[in-house]
Amino acid sequence: MSEETSGGAGPSHIHCSPKLDLIAPALLAAQKKLENPEMNAINPHFRNRYADLGVSMASAKQALNSEGIAIIQMAAPAPLGVHGLTTMLLHKSGQFIGGTVFIPLERNNAQGLGSATTYARRYGVQAIIGMVAEKDDDGEAASAEVEEEEEGRPAARKGFLGGKR
């Protein structure tokens, strides 16, 4: 029942029902009601604020459920060392749309899987509904070199590729 489209750019990780005529206006109405969640957590490595999974899901469910849309998340097949998670929006009409996010496992054990699952669930729900739940730093944190302090904690960061653009 899943129709996958790739636009000719290779395999797609977007899943949807053949028709979207009922879920699309319901999703639009939900997005109009959506309030971006409070950035209630601090990443200890990058020292940035973000909305954790709990507040992100609460905000999403409040807006989506009021328009007859449920959200489900489930594990998806992925290569060794990677965790896949599919986020689906299911409308009361039976129509659906979803996507799969892949997160590298930092550790190949239960704790690594749990951590990757939390990240994937948070990123999946935020992306599929257009939620803003962290400050946009234009990718600086992800591409910055981290200098280590004597205690071994992350310290000041250099810019993209060590400050060279």
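Which side chain does the side chain of T87 meet in a polar contact? The partner is Q73, at 2.9 Å; a polar contact here is a pair of N or O atoms within 3.5 Å, where within protein one must be able to donate a hydrogen and the other to accept it, and residues adjacent in sequence count only if both atoms are side-chain atoms.

A word on the model before we go. This is a predicted model, in which local features need pLDDT of at least 70 and side-chain atom pairs count only at pLDDT 80 or more, while totals for chains, interfaces and linings use all residues. Residues are numbered from 1 along each chain as its sequence is written, and side-chain values use heavy atoms, with hydrogens and water left out.

The overall layout comes next. The protein chain holds four helices and nine strands, taken as DSSP runs numbered from the N terminus (helices are H or I, at least four residues; strands are E, at least two). Read from the N terminus, the order is β-β-α-β-β-α-β-β-β-α-α-β-β. Of the 165 residues in the protein chain, 33% are buried; buried means under 20% relative accessible area, exposed over 50%, and partly exposed in between, with a 1.4 Å probe and protein chains only. Among contacts between residues at least 6 apart in sequence, 49% join residues at least 24 apart, a contact being heavy atoms within 4.5 Å.

Back to T87, which sits in strand β6. T87 counts as buried because its relative accessible area is 1%. Setting aside residues up to four places away in sequence, T87 touches I71, I72, Q73, I97, G98, G99, G124, V125 and I128. One of these, I72, belongs to strand β5. With a relative accessibility of 36%, I72 is partly exposed. Beyond its neighbours within four places in sequence, I72 contacts T86, T87, M88 and L90. I72 and G98 are 26 residues apart in sequence, and their C-alpha atoms are 9.3 Å apart.

G98 brings us to the strand pairing. Strand β6 (residues 82-91) pairs with β7 in the antiparallel sense over nine bridges, where pairing requires that DSSP finds at least two bridges between two strands. M88 has G98 in β7 as its bridge partner. The two strands β6 and β7 form a hairpin with four residues between them, and G94 in the turn has a positive phi of about 100 degrees. Strand β7 (residues 96-104) also pairs with β2 (residues 14-16), again in the antiparallel sense, over three bridges. There, C16 has I97 in β7 as its bridge partner. At 5% relative accessibility, S17 is buried, and a polar atom of its side chain lies 2.7 Å from the backbone oxygen of K19.

Now for the interior. In soluble globular proteins, nonpolar side chains tend to be buried together. A nonpolar core is a set of buried Ala, Val, Leu, Ile, Met, Phe, Trp, Tyr and Cys residues joined through side-chain atoms within 4.5 Å. The largest such core has 16 residues, of which L27, A60, L64, I69, I71, L89 and I129 touch the most other members. The elements giving two or more residues to this core are α1, α2, β5 and α3 (110-129), and α2 gives the most, with five. A second, separate core of five residues includes L85, I103, L105 and A120. As for I71 in the largest core, its contacts beyond four places in sequence are M57, K61, L64, T87, M88, L89 and V125.

Two side-chain pairs complete the tour. The whole structure contains one salt bridge, defined as a side-chain nitrogen of Lys or Arg within 4 Å of a carboxyl oxygen of Asp or Glu. K33 and E67 form it, with their closest N and O atoms 2.5 Å apart. This pair links distant parts of the chain: K33 is in helix α1 (residues 23-33), and E67, 34 residues apart from it, is in the loop between α2 (53-65) and β5 (69-76). K33 is partly exposed, with a relative accessible area of 45%.

There is also one aromatic pair. The rings of Y119 and Y123 have centres 5.8 Å apart and planes at 40 degrees, so the pair is tilted; rings of Phe, Tyr and Trp (its six-membered ring) pair if their centres lie within 6.5 Å, and planes under 30 degrees apart count as stacked, over 60 as edge-to-face and the rest as tilted. Both residues lie in helix α3, four residues apart, about one turn of the helix. Y119 is partly exposed at 33% relative accessibility, and Y123 is partly exposed at 30%.
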